[in-house]
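This report describes aromatic ring pairs and a nonpolar surface patch. The sequence and the model are shown first.

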Amino acid sequence: MASKENRRITDMGTLKAIAHPLRMQLFRALFVAGSATASQLAERVDEAPSLVSYHLRKLAEHGLIEEAEPRSGDGRERWWQPASDGVTVRDEDFRGAPEKAAAHTAFSRLLVDQRADLYRRFLDERHAWGPEWSTATADSESTLRLTAAELAALNEELLTVVRKYDAKGREDEAAGDTEGRENVALHLYGFPFRV
């Protein structure tokens, strides 16, 4: 990858590029795979390789993904990888005009929908994972009484813990400890509400 830093998206063009349902699926799949070809990704998302290739080029135009070193001797294959260690989209960067706010809301809703679909798929397949994964799976909800500053501090503290576990898992895997290691999705939402 070109950078191990998280990329902050602040422009409408890039936000619109990633806020497409198939592009977001492809972006996520590349993070899981590390690198892949359009044909490999097409199998994962059940779409035609030509369509996937088109959407990968759109992501690349905005610097979200980049070409990767080929993993095979077939020079016709084009390999792709994420261009950063993730993306961040913040509300504060899209408040200036109604169309910016609408684009940010649409992107956020897409993420929520895709995350919910991923979790629903797990629920449907939970028994196939076996008892240790079913026991390790977390699903909880807490109702807290916090200020905005306390919520921001809580969020940062939780992200620090997540980053620690991510780094350890990647280090262990790089050292050859792959037994029982799976991709794990962790979705955290912290938001105010009124009843």
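**Aromatic pairs**

Tyr119 and Phe122 are three residues apart in helix H5 (residues 98-129), so about one helical turn separates them; helices are DSSP runs of H or I with at least four residues, strands are runs of E with at least two, and both are numbered from the N terminus. The model is predicted: local features need pLDDT of at least 70 and side-chain atom pairs count only at pLDDT 80 or more, whereas totals for chains, interfaces and linings use all residues. Residues are numbered from 1 along each chain as its sequence is written, and side-chain values use heavy atoms, with hydrogens and water left out.

A search of the whole structure finds three aromatic pairs (rings of Phe, Tyr and Trp, the last by its six-membered ring, with centres within 6.5 Å; stacked if the planes are under 30 degrees apart, edge-to-face if over 60, tilted for the rest). One of them is the stacked pair of Tyr119 and Phe122, at 6.2 Å centre to centre with 25° between the planes. Tyr119 is partly exposed at 29% relative accessibility, while Phe122 is buried at 15% (buried is under 20% relative accessible area, exposed over 50%, partly exposed in between, with a 1.4 Å probe and protein chains only).

The rings of Trp129 and Trp133 form an edge-to-face pair, because their centres are 6.1 Å apart and their planes meet at 65°. Trp129 is partly exposed at 34%, and Trp133 is partly exposed at 26%.

**Nonpolar surface patch**

Leu144, Leu146, Leu154, Leu158, Leu186 and Leu188 make a nonpolar surface patch of about 510 Å². Patch residues have over 30% relative accessible area and no salt bridge, and nonpolar side chains are joined within 5 Å; a salt bridge is a side-chain nitrogen of Lys or Arg within 4 Å of a carboxyl oxygen of Asp or Glu. Leu186 lies in the segment after helix H7 (148-174) and counts as exposed, with 54% relative accessibility.

How values were computed. Patches are made of residues with over 30% relative accessible area and no salt bridge: like charges are joined within 9 Å, nonpolar side chains (Val, Leu, Ile, Met, Phe, Trp, Tyr) within 5 Å. Accessible areas come from the Shrake-Rupley method with a 1.4 Å probe; for residues, only the protein chains shown count as cover.
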